[in-house]
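Let us walk through this structure. We begin with a group of aromatic rings and then widen the view.

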Amino acid sequence: MTTEPRGPVDSSRIPRYAGPATFARLPRLDEVPRADIAVVGVPFDTGVSYRPGARFAPAAVREASRLLRPYHPALDVSPFAAAQVADAGDIPVNPFDINEAIETVEHEASRLQADGTKLVTIGGDHTIALPLLRAVAKRHGPVAVLHFDAHLDTWDTYFGAEYTHGTPFRRAVEEGIVDTEALSHVGTRGPLYGKRDLEEDRRLGFGIVTSSDVLRRGVDETVDALRQRIGDRPLYVSVDIDVLDPAHAPGTGTPEAGGMTSRELLEILRGLAGLNLVGGDVVEVAPAYDHADITSVAASHVAYDLISLFTLDSAGPREEQT
């Protein structure tokens, strides 16, 4: 028997501002038999090095997602009809113990993906990318990584700590869970501690497309270069919202001037259509520093585009045996 996916609440019957704030007003995971794609929050920001507050991002992004609609015209897909998408709630993590929090995220992400469900994760700070990469690597082996961020996040330690929001991708390389032939930063900019930061990042295997490169080359050339580097490898996309200029994302912990526009970010994401995406996250939204929900709205659209990319190759609703 064919089971049609259960979609969002009908906003022509129930106002968008009414009812529970699940992502895009989708059903909860416990309200459907299973999900092809699950949106999960990780309210954790113990790994930040400057402004805290990303622990409140999952709730804020869900609220901002109320205005999302079921058809994506740019990708010509109705993601919530093409696949069963559900909100898996939040992963409860220990805010006082980074090591335990990382273990919890890895365990819960692995559990949620055990039946083939793909995850779109709303952070939380960028520390959570490491356990999420561990979880996808268990299923797919070392994965290509496309990392949108103002910063490299390949530093070694902060104050002697190996696990922070500035170190996840160095740890991922060291653990062998990423494909070092297909690692890319996009949107980096701003001052560094020294030239050595770039040299070490290059040694780890990353290629860099700065925000200035995106401006000068344009979206299409940027996408072509990224697609060539990624090829047909399983791909994980990690989006730190501070990749956007503070004019487009003021609500973040470590803002840097000279960033990408939300339009550029979304167009580059849409240029990934047809690649082998296996997971994605959007992190570092800090609602306390936001204005008129600008940052949360941008993050909700990033998550929506990731979901839409996951569903492009869907063959339609699954068939279940009864």
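Trp-155, Tyr-158 and Tyr-193 form one aromatic cluster. The model is predicted, and every value here is computed from it. A search of the whole structure finds 4 aromatic pairs. One of them joins Trp-155 and Tyr-158.

Where do the two partners sit along the chain? Trp-155 is in the loop between β4 (143–148) and α5 (168–175). Tyr-193 is in the loop between β5 (178–188) and α6 (195–204). The pair therefore ties together parts that are 38 residues apart in sequence.

Trp-155 has 13% relative accessibility, so Trp-155 counts as buried. Tyr-158 has 17%, so Tyr-158 is buried as well. Tyr-193 has a relative accessible area of 63% and is exposed.

The charged end of Arg-51 sits over the ring of Tyr-289. Its distance from the ring centre is 4.0 Å.

Now turn to helix α1, residues 57–64. Its buried residues are Ala-57, Pro-58, Val-61, Arg-62 and Ala-64. Why do these residues lie on the same side of α1? They cover an arc of only 160 degrees around the axis, which puts them on one side of the helix. What do they pack against? Their partners are the strands β1 (37–42), β2 (85–90) and β3 (118–123), together with helix α10 (294–311).

Step back to the whole chain. It has 10 helices and 8 strands. The radius of gyration is 18 Å, close to the 20 Å that the globule rule gives for 322 residues, so the chain is as compact as a globular protein of that length. Along the principal axes, the C-alpha atoms fill a box of roughly 60 × 40 × 40 Å.

Of the 322 residues, 54% count as buried. The accessible surface comes to about 13700 Å², and 51% of that belongs to carbon and sulfur atoms. Contacts also reach along the sequence. Among those between residues at least 6 apart, 78% join residues at least 24 apart.

Definitions and conventions:
Residues are numbered from 1 along each chain as its sequence is written. This is a predicted model: local features need pLDDT of at least 70, side-chain atom pairs count only at pLDDT 80 or more; totals for chains, interfaces and linings use all residues. Side-chain values use heavy atoms; hydrogens and water are left out. Buried means under 20% relative accessible area, exposed over 50%, partly exposed in between (1.4 Å probe, protein chains only). Helices (H or I, at least four residues) and strands (E, at least two) are DSSP runs, numbered from the N terminus. The arc is that of the directions from the helix axis to the C-beta atoms. Contact means heavy atoms within 4.5 Å. Rings of Phe, Tyr and Trp (its six-membered ring) pair if their centres lie within 6.5 Å; planes under 30 degrees apart count as stacked, over 60 as edge-to-face and the rest as tilted. A charge sits over a ring if NZ of Lys or CZ of Arg is within 6 Å of the ring centre and within 35 degrees of the ring normal. The radius of gyration is taken over C-alpha atoms; the globule rule is 2.2 Å times the number of residues to the power 0.38. Accessible areas come from the Shrake-Rupley method with a 1.4 Å probe; for residues, only the protein chains shown count as cover.
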